[in-house]
Amino acid sequence: VAGFAIILPVSVYLSHNSKSDVPLATMTVATIYCLLLKERDPRSMWFDILLGLSVSLAFSFKHSFLFIAIPLGVWHIVRSLQLLKIDEIVKSFAITAVVCVVSWLIFNIGIILDFANFLDYQAIQAQMSIREPSSPFAGVYVWGKLATQTSAGNTVISFLLFLSITAVVFS
């Protein structure tokens, strides 16, 4: 942890925008785990429900989960075609879809009830994003800019890491 904290840019370390990335990663792992459970017992309705809940939670944290869900969905369809009959696939996918939609509506009731405020908040979030001129090297520039803005606390962490490595090497 200390080694990672040395290179952690202050803009990420103190960021409020990164708060949805950790739950998104957690729910992505949970979704993959649910898919693996479905492989173990493809006819289990319980795993259909868990899969629907994990997908809806992932979408609730960050809508960019769509880019992860599409390949996972293709994988799920291909494996289902190998393991189940068509009528079982339709039943399984219907259960998963209904659970996913209903739970998403419950988890995101604030968006549904106050959609205008949600759009205003999205506009504010878009203004907070880093914007640089378009070029093939814009990403490298932004990465370099963020990587060099480290927090003052990293000096202490770096020193503690150096001491711990020294203690291990010379013990």
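Tutor: This is a predicted model, and of the 171 residues in its protein chain, 25% are buried. The accessible surface of the chain is about 11,700 Å², with 74% of that area belonging to carbon and sulfur atoms. The chain has 10 helices and 0 strands. Among its contacts with a separation of 6 or more, 74% are between residues 24 or more positions apart.

Now to the pair of helices. Helix α3 covers residues 21-40 and helix α5 covers residues 66-83; their axes lie 11 Å apart, at an angle of about 5°. Angles under 35 degrees count as roughly parallel, so α3 is roughly parallel to α5. On the α3 side, the residues that meet α5 are Thr28, Thr31, Ile32, Leu35, Leu36, Lys38 and Glu39. Their partners in α5 are Ile68, Leu72, Trp75, His76, Arg79 and Leu83. By type, the residues of this contact comprise 7 nonpolar, 3 polar and 3 charged.

Two of these residues, Leu35 and Leu72, also belong to the largest nonpolar core. That core has 12 residues, including Leu24, Met27, Val55, Phe59, Phe65 and Cys100. At least two of its residues come from each of α3, α4 (45-61) and α5.

Apart from neighbours within four places in sequence, Leu24 is in contact with Ala58, Phe61, Lys62, Ser64 and Phe65.

Notes. Residues are numbered from 1 along each chain as its sequence is written. This is a predicted model: local features need pLDDT of at least 70, side-chain atom pairs count only at pLDDT 80 or more; totals for chains, interfaces and linings use all residues. Side-chain values use heavy atoms; hydrogens and water are left out. Axes are lines fitted to C-alpha atoms, for helices over the stretch in contact, and angles run from 0 to 180 degrees between N-to-C directions. Helices (H or I, at least four residues) and strands (E, at least two) are DSSP runs, numbered from the N terminus. Angles under 35 degrees count as roughly parallel, over 145 as roughly antiparallel, 65 to 115 as roughly perpendicular and the rest as oblique. Contact means heavy atoms within 4.5 Å. Ala, Val, Leu, Ile, Met, Phe, Trp, Tyr, Cys and Pro count as nonpolar, Asp, Glu, Lys and Arg as charged, and the others, Gly among them, as polar. Buried means under 20% relative accessible area, exposed over 50%, partly exposed in between (1.4 Å probe, protein chains only). Accessible areas come from the Shrake-Rupley method with a 1.4 Å probe; for residues, only the protein chains shown count as cover. A nonpolar core is a set of buried Ala, Val, Leu, Ile, Met, Phe, Trp, Tyr and Cys residues joined through side-chain atoms within 4.5 Å.
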